Amino acid sequence: MKNKELETQNEIQETSFLNGSLGRRSFLQYAGASAAGIALVAAGCKKDRGYNDVNMGATLDFKDDFGVLNYAYALEQLEAAFYVKVASAPPSTFTTAQKAYFQDIQFHEIAHREFFKNALGTSAIGSLEVDFSSIDFTSATSVLGAAQAFEDLGVAAYNGAGVRIKSTDYLVLAGKIVSVEARHAAYIRDLISNGSFADLTSLTALGANNAGGLDAALTPDKVLAAAGKYIKTKINVINL
Amino acid sequence: MNILNILDEIEKVDGEIYERLSPRRKAMKDFFNVGKKISFAALPLALGSMFQKAYGQSNPTSVTEVLNFALALEYLEWNYYNRALTLATATYIPTGAPRAAITTIRDHERAHVDLLKGALNITGADSYTFADFDFTAGGIFGDVYTNYQTFLKVALAFEDTGVRAYKGQAPILKGNAVLTTALQIHSVEARHASHIRQMVAANVTGASGLKPWIAYTGNGNDTGVTAADGVYAGEQNTTQAGIQITAINGTAVTQSQAAESFDEFLTGSDVKKIANLFIPIKKLT
């Protein structure tokens, strides 16, 4: 009963959003996201509301599981694009073993990306355009630093989004993926500094809590804000 | 973090939850006010205290069962690492990076024990201590207290089991704020597993090819420790939600990468079977 009330509220919010009168709470959400560097749909402008218009970028509508899955799909696209670039031309100081493991990670992320694409079918967002201009792909330090950022952020994203998933099957699938991301994160962290595999203190900004032995967890708006600098495509977030 | 979802989940178990809560509106109000001030990580403790107020005694069955189950596994892990670190034998776990890593892991397991005890409103002594465990598993790992390689093999089994165990409980906690906490523990266990796998690869005879992730083998067990077959049963799976991952959409994803890219879950009863190998008397039921 209570949940129905909540859903109705969401619908009202959505309707008012489409009519151009954003509630204060939604406005703050959008304003916050905007400040964080995410391109947004011009809220309230009726003629711009077509979220499927390719020129409008990708829309993540968190009203249901499709929104959460598309969110995961977006992040996996980003990760896969990064590792494809690394694996195709690894930094010259990478060892044979490192090259082999980065090949593995590349294909894990490709597997995740393609899985979400197929699972979403016609509901899938399009391909994102990425921006890796801030990464020096010839430098092991730069590549490993970026890889760690992507993996830790991925862990935070899945941990924070789990509670939004309504389908048991997809909740378990997200669980199956997040532990692999955590394995990647630990491996890459150990490459940068052996023993830092689970340095939760360093992950405080991503929602980790060392005293509780708890890993990172972030809400989608914070994750997208952090990922924003790597994504050229406008990502519109609604019903968060 | 949606309190209404939590209540909805409880309603499935206890149809009278709203009635129980309504005469205690102050408890709810206190809880919400407290919720604004406390950190995310402390939430389970606050939840525990709210349920305590609503029920007088204990949490609803399903949530309690999951938390107690998780607590038992954390007791097992903490006692295992703590024993190894407190043994006087200097050569057992080498000083330096190995000892530091095991200490990090040990401390996380203790933090999980304390967090779960708090969520369950358990005060006082731990309900499982070192004396309750037999880490040789009845002699299968007979030299676990003296041989570093054996120690690492058992640690590996515990960490990979932990990852699978938390994953398997996620559906019961679906939509519940406790789920986020459980997921945060789950991925820490996965980080541990990744590191222990690297320690095994570096130190255990014949295991140099072990990857930080679980590679494909016919029976799912990529560790070469046959006694741990049960820990890895099903990890060879390459089909997710009916979608074949190997070579998906014409990509070059290999069978092993397909199996590696998704960790599988274990049911509670399968995890208990594994854990009970190390618990002679106070077995998990």
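**Chain A, overall**

I began with burial in chain A: 53% of its 240 residues are buried (under 20% relative accessible area, with exposed over 50% and partly exposed in between; 1.4 Å probe, protein chains only). The model is predicted, so I note its limits: local features need pLDDT of at least 70, side-chain atom pairs count only at pLDDT 80 or more, and totals for chains, interfaces and linings use all residues. Residues are numbered from 1 along each chain as its sequence is written, chains are lettered from A and ligands numbered from 1 in the order written, and side-chain values use heavy atoms, without hydrogens and water.

I looked up the secondary structure of chain A and found seven helices and two strands (DSSP runs numbered from the N terminus: H or I of at least four residues for helices, E of at least two for strands). Their order along the sequence is α-α-β-α-α-α-α-α-β. Of the contacts in chain A between residues at least 6 apart in sequence, 75% join residues at least 24 apart (contact means heavy atoms within 4.5 Å).

**A:H184**

I located A:H184 in helix α6 (residues 168-192) of chain A. A:H184 counts as buried because its relative accessibility is 0%. I then listed what A:H184 touches, leaving out residues up to four places away in sequence: A:I105, A:H108, A:E109, A:E151 and, from chain B, B:W213. With A:E109 there is a side-chain to side-chain polar contact at 3.2 Å (a pair of N or O atoms within 3.5 Å; within protein, one able to donate a hydrogen and the other to accept it, and residues adjacent in sequence counting only if both atoms are side-chain atoms).

**B:T238**

I found B:T238 in the loop between α9 (229-232) and β1 (239-240) of chain B. Its relative accessible area is 12%, so B:T238 is buried. The side chain of B:T238 makes a polar contact with that of B:Q244 at 3.0 Å. Beyond four places in sequence, the residues in contact with B:T238 include B:I243, B:I245 and B:A258.

**Cavities**

I searched the whole structure and got nine cavities of 30 Å³ or more (on a 1 Å grid over the protein atoms alone, sets of points where a 1.4 Å probe fits but cannot get out; lining residues have an atom within 4 Å of a point). The largest cavity holds about 140 Å³ (the space filled by probe spheres set on points joined across faces, edges and corners). It is lined by 17 residues, and those closest to its centre are B:L67, B:A70, B:L116, B:Y166 and B:A182.

Methods. 1 Å grid on protein atoms, 1.4 Å probe; cavity = no way out; pocket = protein on both sides within 12 Å on 5 of 7 lines; lining within 4 Å.
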